[in-house]
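This report is written for a reader who is meeting the structure for the first time. Please keep the sequence and the model side by side while reading.

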Amino acid sequence: MDHEELRKMEDEETPVMKTIKGATTGLAAGTIWGTIVATWHDVPRVERRVALPGLVRTLKMMGNYGATFAAIGGVYIGVEQLVQNYRMKRDFVNGAVGGFVAGASILGYKGRSISTAISAGAALAFTSSVIDIGGQTTRVDTGKEYYPYTTKKRPNVN
């Protein structure tokens, strides 16, 4: 598929569906990241009334990171779609606005600081703009197809 065919397929989805997919992807990525971060921390001491303290801490971190990433993904895609429908343009500005709003609202709220909100929003807006300007993808299609097996016949050993 070329770039134009992918754009047509993407345009067939509703903005609400795109927002749900963004939030779901963020939830999955955040949960995985929360698991990784939980393994880097020391296991809490065993308490009398807490069964399996390591598991409880890991599940809390997974939920915290999952919810944060889901909120960022949902707000980012939702605002991007709103701006795109309002401006009737599809360019890097939509993603930049979505990134700024997502970073400023979600990460600023968690950081409880205006300077954190502005810096997080600017960082997400910059990252989104760089990705969008660079071809709107993080992968480069070289046209090669990779198979889990070889397609060439082996020479006869006999």
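With which residue does Asp91 form a salt bridge? The partner is Arg87, and the closest N and O atoms of the two residues are 2.8 Å apart. A salt bridge here is a side-chain nitrogen of Lys or Arg within 4 Å of a carboxyl oxygen of Asp or Glu, and a search of the whole structure finds one. In general, side chains of opposite charge can pair when their charged atoms come close.

The model is a predicted one, in which local features need pLDDT of at least 70 and side-chain atom pairs count only at pLDDT 80 or more, while totals for chains, interfaces and linings use all residues. Residues are numbered from 1 along each chain as its sequence is written, and side-chain values use heavy atoms, with hydrogens and water left out.

**Overall build**

The chain has five helices and zero strands, so that its elements, read from the N terminus on, run α-α-α-α-α; helices (H or I, at least four residues) and strands (E, at least two) are DSSP runs, numbered from the N terminus. Of the 158 residues of the chain, 27% count as buried, where buried means under 20% relative accessible area, exposed means over 50%, and partly exposed lies in between, with a 1.4 Å probe and protein chains only. The accessible surface of the chain comes to about 11,800 Å², and carbon and sulfur atoms supply 63% of it; such areas come from the Shrake-Rupley method with a 1.4 Å probe, and for residues only the protein chains shown count as cover. Among the contacts in the chain with a separation of 6 or more, 59% are between residues 24 or more positions apart, a contact being heavy atoms within 4.5 Å.

**The nonpolar patch and the aromatic pairs**

On the surface, Ile32, Trp33, Ile36, Trp40 and Phe69 form a nonpolar patch with about 510 Å² of accessible area together. Patches are made of residues with over 30% relative accessible area and no salt bridge, like charges being joined within 9 Å and nonpolar side chains (Val, Leu, Ile, Met, Phe, Trp, Tyr) within 5 Å. Helix 2 (residues 15-40) gives the largest share of the nonpolar patch, four residues.

A search of the whole structure finds two aromatic pairs, and the table sets them out. Rings of Phe, Tyr and Trp (its six-membered ring) pair if their centres lie within 6.5 Å, and planes under 30 degrees apart count as stacked, over 60 as edge-to-face and the rest as tilted.

| Aromatic pair | Centre to centre | Between the planes | Kind |
|---|---|---|---|
| Trp33 and Trp40 | 5.6 Å | 85 degrees | edge-to-face |
| Tyr65 and Phe69 | 6.5 Å | 65 degrees | edge-to-face |

Trp40 counts as exposed because its relative accessibility is 59%, whereas Trp33, at 35%, counts as partly exposed. Tyr65 and Phe69 both lie in helix 3 (residues 53-87), four residues apart, which is about one turn of the helix. Tyr65 is partly exposed, with a relative accessible area of 26%, and Phe69 is also partly exposed, with 30%.

Which residues does Trp33 touch, when those up to four places away in sequence are not counted? Trp33 touches Trp40, Tyr65 and Phe69. Trp33 and Gly66, although 33 residues apart in sequence, are 7.9 Å apart in space, C-alpha to C-alpha.

**Around the salt bridge**

Asp132 has its place in helix 5 (residues 114-133) and counts as buried because its relative accessibility is 17%.

**Two loop residues with positive phi**

Most residues other than glycine have a negative phi. Met88, which is not a glycine, has a positive phi of about 60 degrees; Met88 is found in the loop between helix 3 and helix 4 (92-111) and is exposed, with a relative accessible area of 71%. Arg112, likewise not a glycine, has a positive phi of about 55 degrees; Arg112 is found in the loop between helix 4 and helix 5 and counts as exposed at 68% relative accessibility.

The charged end of Arg112 sits over the ring of Tyr109, 5.4 Å from its centre. A charge sits over a ring if NZ of Lys or CZ of Arg is within 6 Å of the ring centre and within 35 degrees of the ring normal.
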